[in-house]
Amino acid sequence: MARSAKLFVVSGPSGVGKGTLVSLLRDKRPNLGLTVSATTRSPRPGEVDGVAYYFLSDEEFKKRVDAGEFLEWAHVHGHCYGTLKSEVDRLISAGQSVVLEIDVQGGLMVHKQYPNAILVFIKPPSFEELEQRLRGRGTEDEKTISTRLSNASREMEYANDYTVCIVNDNLETALSKLEEVFDDYESDGGQL
């Protein structure tokens with residue numbers, strides 16, 4: 001069956017497991033395009049510039065925003081994050097589907113510029129489980145966790161604006177559902 005290149009956006013609150021799901025999906029679909037986002041935050045231990053993110057200064061980020069180079073960008077948790085248009089367009093033009101793992105506000109911005117993008121919202125089984133996951137990371141202080149939980153509450157309100165919602169209560173089940181979404185939308189004329 002022929003496949004069409006599509007733009008997929010995977011969003012959800014911090015700690016919901018969207019990064020893990022996208023990583024596992026990429027392991028199963030090595031030809032899936034994944035752009036590297038830009039950010040003004042500092043690298044975490046082990047993160048490499050150009051691999052995890054493009055780590056930009058505030059000035060460089062603003063310069064690129066002003067030049068219209070971003071498909072979407074936003075202030076998130078006190079820093080700027082964005083996706084370069086050129087990377088998405090290059091991959092789609094080459095016939096490669098692209099997955100963007102971005103926050104909710106970014107996902108909605110992408111949908112305005114690419115109305116045919118397939119938006120996938122990853123939900124936690126419960127808000128309590130999300131809090132446990134964030135605390136279990138051990139990478140953020142209490143203030144950051146509180147900010148992320150507050151943002152998560154607001155982000156959950158936009159789940160219904162997404163094309164598909166997947167509850168990540170079991171990683172294998174959620175991954176299987178995510179694969180089904182990609183299969184259905186990439187197949188010629190296929191829609192869920």
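Glycine 106 lies in helix α4, which covers residues 104-113 (helices are DSSP runs of H or I with at least four residues, strands are E runs of at least two, and both are numbered from the N terminus). This is a predicted model, so local features need pLDDT of at least 70 and side-chain atom pairs pLDDT 80 or more, while totals for chains, interfaces and linings use all residues. Residues count from 1 along each chain as its sequence is written, and side-chain values use heavy atoms, with hydrogens and water left out.

**Domains**

- The chain splits into domain 1 (1-33 + 96-191) and domain 2 (34-95), with bounds from an automatic or database domain assignment.
- Between the C-alpha centres of domain 1 and domain 2 there are 18 Å.
- Where the two meet, 25 residues of domain 1 are in contact with 20 residues of domain 2 (contact means heavy atoms within 4.5 Å).
- An unreviewed UniProt entry puts "domain: Guanylate kinase-like" at residues 5-183; UniProt positions follow the numbering used here, feature names are shortened, and annotations may be inferred rather than shown by experiment.
- Over that stretch, residues 5-183, the chain is 44% helix and 21% strand, and the end C-alpha atoms sit 11 Å apart.

**The largest pocket**

- The largest pocket holds about 990 Å³ of space. A pocket is an open set of points on a 1 Å grid over the protein atoms alone, where a 1.4 Å probe fits, with protein on both sides within 12 Å along at least five of seven lines; lining residues have an atom within 4 Å of a point. Points are joined across faces, edges and corners, and the volume is the space filled by probe spheres set on them.
- In all, 36 residues line the largest pocket, and Lys18, Gly19, Arg44, Tyr53 and Glu101 lie nearest its centre.
- By type, the lining of the largest pocket has twelve nonpolar, 13 polar and eleven charged residues (Ala, Val, Leu, Ile, Met, Phe, Trp, Tyr, Cys and Pro are nonpolar; Asp, Glu, Lys and Arg are charged; the others, Gly among them, are polar).
- Helix α1 (18-28), strands β5 (70-76), β6 (79-84) and β7 (98-101), and helix α6 (142-156) each supply at least two lining residues of the largest pocket.
- Helix α1 gives the most to that lining, with six residues.
- Both domains take part: domain 1 and domain 2 each provide at least three residues of the lining of the largest pocket.

**The annotated binding site**

- According to the unreviewed UniProt entry, a "binding site" covers Gly12, Pro13, Ser14, Gly15, Val16, Gly17, Lys18 and Gly19.
- Of these residues, Gly12, Pro13, Ser14, Gly15, Val16, Gly17, Lys18 and Gly19 are part of the lining of the largest pocket.
- Serine 14 lies in the loop between β1 (7-11) and α1. At 11% relative accessibility, serine 14 counts as buried (buried is under 20% relative accessible area, exposed over 50%, partly exposed in between, with a 1.4 Å probe and protein chains only).
- Not counting residues up to four places away in sequence, serine 14 touches His77, Leu130, Leu134, Arg137, Arg148 and Glu155.
- Valine 16 is found in the loop between β1 and α1, and counts as buried because its relative accessibility is 0%.
- Setting aside neighbours within four places in sequence, valine 16 is in contact with Ile122, Lys123, Pro124, Leu130, Arg133 and Asn168.
- Lysine 18 has its place in helix α1, and at 13% relative accessibility lysine 18 counts as buried.
- Residues touched by lysine 18, not counting those up to four places away in sequence, are Val10, Ser11, Gly12, Pro13, Glu101 and Ile122.
- From lysine 18 to histidine 77 it's 59 residues in sequence and 17 Å in space, C-alpha to C-alpha.

**The second largest pocket**

- The second largest pocket has a volume of about 180 Å³.
- Its lining is made up of Arg3, Ser4, Ala5, Arg29, Pro30, Asn31, Leu32, Gly95, Gln96, Ser97 and Glu186.
- Those lining residues of the second largest pocket divide into three nonpolar, five polar and three charged.

**Two more residues**

- Valine 65 is found in helix α2 (residues 58-66); leaving aside neighbours within four places in sequence, valine 65 is in contact with Phe70 and Trp73.
- Valine 65 and glycine 82 are 17 residues apart along the chain, and their C-alpha atoms are separated by 8.9 Å.
- Back to glycine 106: with a relative accessible area of 0%, glycine 106 is buried.
- Glycine 106 and leucine 24 are 82 residues apart in sequence and 22 Å apart in space, C-alpha to C-alpha.
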